[in-house]
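Here are some notes on the model, as numbered points. Please read them with the viewer open.

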Amino acid sequence: MPAEESKPVDPAVAEADAKLKGKDVEIESGSEDEEEHAADDATAEAGSAPAATAAKKKKKRSKRKRIKDALTGGSSSSKEAELQQALANLEPEQLKELMKLNPGLAREMEGVAGTSNPSADQAADALKKMNLQEIMTGLAAGGKNAKDMGSYKFWQTQPVPKFGEESIDEEGPLKIQTIEEVPKEPSPLVAGFEWVTMDLTSDEEIKEVYELLNGHYVEDDEAMFRFNYSPAILRWAMMAPGWKARYHVGVRATQSRKLVAFISAIPVNLRVRGNMILCSEVNFLCVHKKLRGKRLTPVLIKEITRRSNEDGIWQGLFTAGIVLPKPISTCRYFHRAINWMKLYECGFSPLPPGSKPAYQVRRFALPDNTSTKGLRKIEEKDIDQVMDLMRRYNKRYDMAPEYSREEAVHWFIPKITPESEQVIWTYVVEDENGKITDFFSFFSVESSVINNNKHSIVRVAYLFYYATEAGTIVPEDRKLLKNRLNELIGDALILAKKYNFDVLNALTLMDNALFLEDLKFGGGDGQLHYYLFNYRMNPIAGGVDQKNKLDEKNLSGIGMVML
């Protein structure tokens with residue numbers, strides 16, 4: 001699923017603000033967080049939220065703020081000494097509330113304290129032993145981190161792995177059923193709403209989906225940026241080979257006919273270690289802000305699952321910026337400024353203490369021309385070679401897609417017409433013998449800048465797939481691969497600049513850890529958790545360590561890029 005807006009970490013707060021956010025905050029179906037963070041002042045058709053509910057939400061947020069202020073002194077300072085002093089002043093009741101709001105942090109503390117139920121004194125001692133990163137990650141994103149299984153009202157009823165399960169010897173499905181057992185009708189909706197199937201070939205209906213996502217999809221915690229998926233990008237993402245209209249699921253208000261919720265899926269052949277799985281890649285889950293207390297999210301997920309099951313697809317792949325039961329991997333977002341001044345003016349890129357804007361502009365300046373010999377735009381005649389290279393290169397990863405030729409054409413060949421904007425850029429490297437030795441690609445998703453007088457849009461490029469012969473050598477030559485990837489992605493940055501992108505985003509998946517720091521990518525405040533529905537498996541490395549730091553020694557095993 002698309003990532004929640006992630007911004008570079010301000011050097012003034014450094015890793016202390018490593019918020020656990022990423023994609024699709026609405027995916028936590030049925031948990032208290034759905035109601036807690038929703039703008040629950042429903043439309044006229046749905047009625048309004050009781051004042052007591054709003055007061056309860058406000059009280060929860062107030063408790064979080066008091067605890068965080070106690071830890072940080074109510075300021076943006078992240079100095080270890082100041083935090084340790086603040087911890088020493090925590091009252092037992094504050095510690096208790098801290099653990100209640102942050103089960104993920106509680107588990108970390110239990111490990112440090114050496115007991116599953118630490119006393120207030122033991123908890124305080126454990127906090128003092130934990131470093132700043134561990135503590136603030138526990139407080140991240142208002143406590144939307146890992147919870148006990150019982151807290152997930154919806155997910156505890158689903159075939160997903162549970163927290164605390166040990167490593168397994170045999171990976172595979174959790175639940176086996178037949179198509180005959182699949183319900184023939186969708187679950188009923190609350191009064192005033194009805195199921196619809198959206199026709200994305202219709203300009204009118206794709207516009208409705210666009211407007212819903214544009215107004216109500218994922219945005220950053222400070223409500224400064226929101227994804228702005230154009231109709232062209234939506235069609236590219238949701239109408240890949242094998243797409244079916246019935247996988248474009250909407251909910252309308254019965255009287256007004258307004259589209260108020262949406263979810264989609266496309267089929268993908270996924271290799272998970274040694275197993276091939278046909279699964280649904282679930283994406284674009286969105287519920288109108290005023291209806292997020294109506295528990296539409298669980299029924300949306302159940303419905304896309306039911307429709308997939310009707311076609312014999314039993315697994316689903318999705319991502320989220322919050323911890324649900326149970327991630328198979330976790331990656332972190334990194335950002336490489338291209339137009340630093342614009343990003344600064346938008347509030348995306350901070351000015352490091354003691355620095356000046358002119359220095360930052362010089363620091364992130366890029367050459368005008370690429371340097372890789374034989375680099376050129378992809379042509380359809382290159383597809384067979386690109387597929388072969390990608391297939392061999394992807395053997396490096398524990399999880400990666402297996403594309404057909406038709407799919408590869410769709411994902412990598414730009415469709416440039418007077419009526420359609422370009423959404424994908426792919427470049428290949430051809431040697432003197434006509435062999436494709438490397439390729440890389442990036443796609444575009446703009447972000448709307450909210451309440452900014454100077455800029456309304458940030459042009460964001462996302463690193464997509466790449467492959468190089470330098471990564472297929474056995475035994476592996478890590479230095480050769482690192483140098484080659486730095487050359488290739490360095491040229492990708494130059495091309496992104498040429499096409500007027502403001503920033504290039506990348507996750508720590510694939511082999512990205514080999515070039516992110518060298519090419520001046522900065523760690524963002526967004527994490528992305530990968531999930532595989534109805535499948536039990538051992539974890540896959542995500543390119544970061546337990547402290548959310550780039551892990552070049554233990555490269556990611558994730559070779560699947562989600563839009």
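1. The protein chain has 16 helices and 16 strands. These are DSSP runs, numbered from the N terminus: helices are H or I of at least four residues, strands E of at least two. The model is predicted: local features need pLDDT of at least 70, side-chain atom pairs count only at pLDDT 80 or more, and totals for chains, interfaces and linings use all residues. Residues are numbered from 1 along each chain as its sequence is written, and side-chain values use heavy atoms, with hydrogens and water left out.

2. Of the 563 residues in the protein chain, 56% are buried. Buried means under 20% relative accessible area, exposed over 50%, and partly exposed in between (1.4 Å probe, protein chains only). Contact means heavy atoms within 4.5 Å. Take the contacts between residues at least 6 apart in sequence: 76% of them join residues at least 24 apart.

3. Helix α14 (residues 383-393) and α15 have axes that come within 10 Å and cross at roughly 100 degrees. α14 is therefore roughly perpendicular to α15. Axes are lines fitted to C-alpha atoms, for helices over the stretch in contact; angles run from 0 to 180 degrees between N-to-C directions. Under 35 degrees counts as roughly parallel, over 145 as roughly antiparallel, 65 to 115 as roughly perpendicular, and the rest as oblique.

4. Which residues of α14 and α15 meet? Ile-383, Asp-384, Met-387 and Met-390 come from α14; Arg-405, Ala-408, Val-409 and Phe-412 come from α15. By class, this contact of α14 with α15 has 6 nonpolar, no polar and 2 charged residues. Nonpolar covers Ala, Val, Leu, Ile, Met, Phe, Trp, Tyr, Cys and Pro; charged covers Asp, Glu, Lys and Arg; the others, Gly among them, are polar.

5. Val-409 lies in helix α15 (residues 405-412). Val-409 is buried, at 17% relative accessible area. Met-387 is 22 residues from Val-409 in sequence and 9.7 Å away, C-alpha to C-alpha.

6. Helices α9 (residues 203-216) and α10 (residues 231-238) pack at about 100 degrees, axes 10 Å apart. That makes α9 roughly perpendicular to α10. The α9 side of the contact includes Ile-206, Val-209 and Leu-213, and the α10 side includes Leu-234 and Met-238. The class count for α9 with α10 is 7 nonpolar, no polar and 2 charged.

7. The whole structure holds 29 aromatic pairs. Rings of Phe, Tyr and Trp (its six-membered ring) pair if their centres lie within 6.5 Å; planes under 30 degrees apart are stacked, over 60 edge-to-face, the rest tilted. Tyr-403 and Phe-412 are edge-to-face, because their centres are 6.4 Å apart and their planes at 70 degrees. Tyr-403 is buried at 13%, and Phe-412 is buried at 1%.

8. Trp-425 and Tyr-499 form a tilted pair: 5.7 Å between centres, 45 degrees between planes. Trp-425 is in strand β10 (residues 424-430), and Tyr-499 is in the loop between α16 (478-498) and β15 (503-507), 74 residues apart. Trp-425 is buried at 6%, and Tyr-499 is buried at 18%.

9. Ring pairs also build a cluster, with Trp-236, Tyr-403, Phe-412 and Tyr-465 among its members.

10. Arg-459 has its charged end over the ring of Phe-501, 4.3 Å from the centre. Arg-396 lies over the face of Tyr-393, at 5.5 Å from the ring centre. The criterion is NZ of Lys or CZ of Arg within 6 Å of the ring centre and within 35 degrees of the ring normal.
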